[in-house]
Amino acid sequence: MKSTASFRKENAALVHGLVIETVKEKFIKSNIINVLKNCDQLGRRVLIVNAGQIWDPSYVSSDEVFQMLYLVHLAAQLEEETQVHGTVCIMDFDGMAMKHVKAMSVTFSKRLLTFIQEAMPLRMKEVHFVKQPFIFKMVWSLFKPFVQEKLNKRMHFHGSDMKSLQKFLSPEILPENYGGKLPKIDYGGAEWFPAVEKHQDFIKEWSEMGPAKW
């Protein structure tokens with residue numbers, strides 16, 4: 001909890017007073033953040049971050065992407081099954097271009113990894129990188145210095161090899177997008193955002209908690 005409090009204080013500009021309405025419109029329209037309708041074969045919630053062509057950094061900044069991820073984690077930590085089984089993240093870099101590389105600054109990289117490794121109350125069990133192009137190496141060079149050993153062991157790089165991904169996530173729970181047996185993803189924030197929105201009172205209260213003087 002101390003790490004969580006410290007993180008929130010250091011990043012007060014982004015998380016203090018953060019409420020759903022702050023990013024609701026972009027959450028729904030951008031589809032950068034998505035969540036599979038079903039959990040994986042181990043009961044873990046599967047989060048998808050579309051960090052390639054789907055993401056327009058001129059519309060949704062990297063700070064706003066972080067705020068979206070932060071809100072999702074607040075809602076997810078209220079799920080009893082997720083508390084027990086943890087979460088899995090698929091980072092999809094399909095169509096990544098230089099504008100995305102530029103948006104993923106050192107500051108963004110450090111903030112995101114500090115949150116995941118030190119301040120997130122949920123257990124991140126696996127992180128899967130898929131469809132990453134050659135220029136992904138530039139992004140990874142920013143992230144790598146901040147990756148601790150524990151998380152590093154949970155990171156897996158698959159490229160376009162979906163059979164490799166399926167060694168960890170059963171094709172029975174994956175959509176066609178990732179070589180799975182389920183239909184191609186035809187839903188996004190507009191469909192599942194209400195699952196986050198129903199916790200708006202908790203999120204509002206949480207965003208105001210913390211140091212006596214922000």
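How many of the five residues of β5 are buried? Four of them are, so β5 is largely enclosed by the rest of the structure. Keep in mind as you look around that this is a predicted model.

## The sheet

Strand β5 belongs to an open sheet of five strands, arranged in the order β1-β2-β3-β4-β5 with mixed pairing. The edges are taken by β1 (33-35) and β5 (155-159); each has a single partner strand, so one side of each is left without a neighbour in the sheet. On average, neighbouring strands are turned by 20 degrees against each other, direction ignored.

As background, strands of a sheet pair through backbone hydrogen bonds, either parallel or antiparallel.

| Strands | Sense | Bridges |
|---|---|---|
| β1 and β2 | antiparallel | three bridges |
| β2 and β3 | parallel | six bridges |
| β4 and β5 | parallel | four bridges |

I33 has V49 of β2 as its bridge partner, and V49 in turn has M91 of β3 as a bridge partner. Further along, V127 stands opposite M155 in β5, while V130 stands opposite G159 in that strand.

## A covered strand

Strand β2 (residues 45-50) is worth a visit of its own. Six of its six residues are buried, which leaves the strand mostly covered. In a regular strand the side chains alternate between the two faces of the sheet. In β2, R45, L47 and V49 point one way and V46, I48 and N50 the other way, and all are buried.

## Aromatic rings

Next, the rings. A search of the whole structure finds 15 aromatic pairs. A pair of aromatic rings is described by the distance of the centres and the angle of the planes. F93 lies in the loop between β3 (87-92) and α6 (98-103), whereas F129 is in strand β4, so the pair ties together parts that are 36 residues apart in sequence. Both F93 and F129 are buried. These two rings also belong to a cluster, in which ring pairs link F93, F129, F136, W140 and F157.

How do helices α4 and α7 lie, roughly parallel or roughly perpendicular? The axes of α4 (residues 62-76) and α7 (residues 106-119) come within 11 Å and cross at roughly 10 degrees. That makes α4 roughly parallel to α7. On the α4 side, S62, D63, F66, L69, Y70 and H73 take part in the contact, and they meet F108, R111, L112 and F115 of α7. Sorted by class, this contact has six nonpolar, two polar and two charged residues.

## A glutamine in a loop

Finally, follow the chain past α4 to Q77, which sits in the loop between α4 and α5 (80-85). Is Q77 buried or exposed? Its relative accessible area is 12%, so Q77 counts as buried, the cut-off being under 20%. Its surroundings can be listed too: leaving aside neighbours within four places in sequence, Q77 is in contact with Q83, P121, L122, F202 and W206.

Key
Residues are numbered from 1 along each chain as its sequence is written. This is a predicted model: local features need pLDDT of at least 70, side-chain atom pairs count only at pLDDT 80 or more; totals for chains, interfaces and linings use all residues. Side-chain values use heavy atoms; hydrogens and water are left out. Axes are lines fitted to C-alpha atoms, for helices over the stretch in contact, and angles run from 0 to 180 degrees between N-to-C directions. Helices (H or I, at least four residues) and strands (E, at least two) are DSSP runs, numbered from the N terminus. Angles under 35 degrees count as roughly parallel, over 145 as roughly antiparallel, 65 to 115 as roughly perpendicular and the rest as oblique. Contact means heavy atoms within 4.5 Å. Ala, Val, Leu, Ile, Met, Phe, Trp, Tyr, Cys and Pro count as nonpolar, Asp, Glu, Lys and Arg as charged, and the others, Gly among them, as polar. Two strands pair if DSSP finds at least two bridges between them. Rings of Phe, Tyr and Trp (its six-membered ring) pair if their centres lie within 6.5 Å; planes under 30 degrees apart count as stacked, over 60 as edge-to-face and the rest as tilted. Buried means under 20% relative accessible area, exposed over 50%, partly exposed in between (1.4 Å probe, protein chains only).
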